[in-house]
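Where do the nonpolar residues of this chain gather, and which of them stay at the surface? The report below takes the cores, then a strand pair, then a surface patch.

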Amino acid sequence: MRRLHSVIWRFAILVFLMQIACVLVALAAVHQFTSRSMAHASREVAVGLRDDIAATYAAAGPAAAGATVRSRIASDPSGNSVILLLSPDGRKIAGNLDHWPAGTGSSETWHRARLVRNDRKGRAREEIGVVAARFPDGARLMTGHVVENDLRVGGFLQTALIGAVLLAVPLAGGAAWLSAAIIKRRLKSVIDTAAAVSTGEMERRIALTGSGDMFDALGRAINAMLDQITRLVGELRLVTDGLAHDLRSPLTRQRAVIESALKSSRDESTGAALESVLEESDTLLRMLNTALVISRAEAGIGRDSFAAVDAGALLRDFQEMYGVIAEEKGATITVDAEPAFSIRAQRELIGQVLSNLIDNALKYGGTHIRLSARREPGRILVSVADNGPGIAEDRREEALRRFARLDASRHIAGAGLGLSLASAVARLHGGTLVLSDAGPGLLVTLVLPESSARAE
């Protein structure tokens with residue numbers, strides 16, 4: 001049912017129906033023209049015979065007309081002429097019919113009747129087209145032409161036309177499928193380019209065929225738009241990178257000054273205040289660094305440094321790294337990873353994402369954290385699950401935004417960039433980040449494309 005709502009499939013169906021309609025109209029026109037042509041030819045023969053014999057009858061009388069009838073029957077090369085001449089009293093003067101057909105008047109226009117000619121063996125009935133005329137003295141004349149063969153030819157033609165229609169159906173279906181395939185192929189270039197740009201490949205452009213058609217016009221317009229976006233993003237990246245570096249330097253110096261002041265301080269209240277300022281400076285530096293990493297990931301920076309990363313080994317490293325911290329908080333960390341497969345990724349970014357997710361799970365009260373990596377048809381899933389309070393389904397999209405701080409986390413220190421970073425890193429790797437219910441708790445999954453997998 002979804003295909004019926006597809007514009008491409010509806011276009012293909014329209015092409016199919018239009019071709020079938022054209023074939024039906026053309027074949028119907030051929031059939032009609034052929035049938036009428038054969039009927040017209042037979043009628044002209046019968047009318048010509050009638051007019052000639054009538055002219056002879058009017059000029060020379062019944063005897064001469066009878067001689068003309070016999071001559072015409074004898075000299076007919078096709079043997080399809082039918083003539084009957086009756087005297088005013090109804091006697092047969094000449095002809096190859098024994099009697100006047102019942103139901104045929106004395107003056108008839110062209111019509112068909114099944115008659116028996118007396119000069120044919122077997123004396124079978126034949127389909128004959130006839131015309132009739134009545135002379136002033138009461139004599140009657142019937143002339144006709146056998147249309148049996150014409151009807152037989154018409155039947156063959158009708159069968160051939162039906163066969164042509166049946167042959168046209170698969171041909172029209174093939175043409176419709178080919179038309180849809182051509183459109184899909186041209187649109188696929190646009191879709192692939194848009195998908196690549198959405199993951200940060202800002203240099204990707206739509207390939208033009210040079211045909212000058214509307215698809216090329218669309219491609220040129222989109223490429224021009226991407227050029228403008230790339231230029232603006234590049235300028236924005238220069239500004240943000242410069243701003244980040246300019247801010248980090250004074251913040252780092254500020255931190256150093258605070259540390260020096262803290263060491264030389266002898267007053268407990270002053271020391272506590274300096275420690276608080278130092279913590280805030282560290283938080284600000286972390287926020288700045290994380291925001292810079294997110295911006296770089298969203299811009300596609302780092303894709304060229306992808307390498308094979310053993311998924312199971314990476315998760316076990318983080319299990320060992322956070323094991324002591326988890327024990328201090330009364331939590332456990334387990335790993336469930338399929339053996340013998342790795343992923344193509346930037347280890348530092350994936351590691352930063354896992355670190356943030358484990359930190360979040362410990363912060364928000366998770367007592368059991370499960371790290372997992374597994375393959376499914378067409379994709380790879382790397383996930384972190386906890387049994388904490390989780391995130392309501394209607395708030396999960398909000399939680400992925402930068403600096404998002406949900407009500408339940410307002411009292412906990414943090415910048416609200418962890419999930420935003422995970423989402424940006426997932427897109428950098430051609431995947432997505434999915435938040436779902438761990439029942440109870442939160443399940444955060446990096447869904448990566450199957451092409452990221454590398455067999456060990």
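In this predicted model, the largest nonpolar core holds 41 residues. L354, I358, I369, L371 and L446 touch the most other members.

Helix α7 gives the largest share, eight residues. Take L354 as an example. Beyond its neighbours within four places in sequence, L354 is in contact with L314, L315, F318, V382 and V384. In soluble globular proteins, nonpolar side chains tend to be buried together.

Now the strands. β8 is mostly covered, with four of its five residues buried. Strand β6 (residues 307-310) pairs with β8 in the antiparallel sense, over four bridges. Within this pairing, V309 stands opposite I343 of β8.

Which residues form a nonpolar patch on the surface? They are W177, L178 and I182. Together they have about 330 Å² of accessible area. L178 sits in helix α3 (residues 148-198). Why does L178 count as partly exposed? Its relative accessible area is 45%, and partly exposed covers the range between under 20% for buried and over 50% for exposed.

Notes:
Residues numbered from 1 in each chain as written. Predicted model: local features only at pLDDT ≥ 70, side-chain atom pairs only at ≥ 80, totals over all residues. Heavy atoms only, no water. Core = buried A, V, L, I, M, F, W, Y, C linked by side-chain atoms within 4.5 Å. Buried < 20%, exposed > 50% of the residue type's maximum accessible area, 1.4 Å probe, protein only. Helix = DSSP H or I, 4+ residues; strand = E, 2+ residues; numbered from the N terminus. Contact = heavy atoms within 4.5 Å. Patch = residues over 30% accessible without salt bridge, like charges linked within 9 Å, V, L, I, M, F, W, Y side chains within 5 Å. Areas by Shrake-Rupley, 256 points an atom, 1.4 Å probe, with all protein chains shown as cover. Salt bridge = Lys/Arg side-chain N within 4 Å of Asp/Glu carboxyl O. Pairing = 2+ DSSP bridges.
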